[in-house]
Amino acid sequence: MLRAGVVAVQGDVSEHADAIQRAGAAHDEAVEVTEIRQSGSVGECDVLLLPGGESTAISRLLAREGIDAEIEAHVEAGKPVLATCAGLIVASRDANDERVDTLDLLDVTVDRNAFGRQVDSFEAPLDVTGFEEPFPAVFIRAPVIDEVGDGVEVLAAWEGRPVAVRDGPVVGTAFHPELTADSRIHDLAFFEEQAVEV
Ligand code: GLN
């Protein structure tokens with residue numbers, strides 16, 4: 001039984017809950033999903049999902065509820081996190097925006113809405129390290145990853161910019177893997193051995 005916490009203060013929560021259930025089913029692993037709106041339950045979770053949405057709101061609510069420190073402790077304990085889009089922004093080292101109090105779970109800096117300024121949303125077939133077929137990546141007002149620290153593995157790039165990264169137990173994507181039926185990114189974050197070993 002995998003206990004998965006979906007941070008549910010704001011953003012696309014049910015899609016992530018569905019995606020992790022699908023990934024679990026493919027691995028014959030039952031998944032119990034907890035939606036996290038208050039402090040106190042992160043500690044019971046084996047893995048965490050930080051959804052997309054609006055990073056300024058997510059950041060503010062995480063701090064107000066005291067969930068931010070619990071997520072940091074989860075990562076310090078080496079437990080996996082998948083952070084997507086606004087979740088990636090919140091998980092970054094710096095989002096170049098004083099309204100986002102980043103958690104520094106991933107050693108990257110991001111520029112909020114950078115792809116979105118060019119075109120609001122788009123879907124792209126993405127080559128991801130270890131995937132045999134391209135991943136259908138949905139970008140919605142997506143952030144661009146600017147700087148990538150030494151310990152960070154770039155798993156995918158689009159137009160020369162990193163859009164999927166791994167830093168120890170944390171995987172971050174600029175796109176929304178939960179919005180397609182393809183659960184390979186959830187798989188990679190939570191069910192592959194390197195998710196705990198790196
Ligand atoms: N650009 C949004 C933000 O800054 C994120 C968009 C998304 O999660 N789809 O929060």
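Which residue, with a positive phi, follows H2? Gly66 does, with phi near 75 degrees. Here are some notes to go with the structure.

1. First, the ground rules. Residues are numbered from 1 along each chain as its sequence is written. This is a predicted model, in which local features need pLDDT of at least 70, side-chain atom pairs count only at pLDDT 80 or more, and totals for chains, interfaces and linings use all residues. Helices (H or I, at least four residues) and strands (E, at least two) are DSSP runs, numbered from the N terminus.

2. On the annotated site: an unreviewed UniProt entry places the feature "active site" at Cys85, His176 and Glu178. These residues span 94 residues in sequence, yet no two of their C-alpha atoms are more than 10.7 Å apart, so they gather at one spot. Please bear in mind that UniProt positions are given in the numbering used here, that feature names are shortened, and that annotations may be inferred rather than shown by experiment.

3. Cys85 sits in the loop between strand E4 (81-84) and helix H4 (86-91). A residue is buried if 20 or more other C-beta atoms, placed from the backbone, lie within 10 Å of its own. Cys85 is buried, with 30 such atoms within 10 Å. Contact means C-beta atoms, placed from the backbone, within 7 Å.

4. His176 lies in the loop between strand E11 (170-173) and helix H6 (184-190). His176 is buried too, with 25 other C-beta atoms within 10 Å. Leaving aside neighbours within four places in sequence, its contacts are Gly52, Thr84, Cys85, Val138 and Ile140.

5. Around the ligand there are 13 residues, the closest being Gly52, Ser55, Cys85, Ala86 and Ile140; a residue counts as near if its C-beta atom, placed from the backbone, lies within 6 Å.

6. Helix H2 (residues 55-65) has Ser55, Ile58, Ser59 and Leu62 buried. Seen down the axis of H2, the buried residues fall within an arc of 100 degrees, so they line one face of the helix; the arc is that of the directions from the helix axis to the C-beta atoms. The buried residues of H2 pack against helix H3 (67-76) and H4.

7. Strand E5 (residues 108-111) has Val108 and Val110 on a covered face, with Thr109 and Asp111 on an uncovered one.

Note on methods: Buried ≥ 20, exposed ≤ 12 C-beta atoms within 10 Å, placed from the backbone. Contact = placed C-beta atoms within 7 Å.
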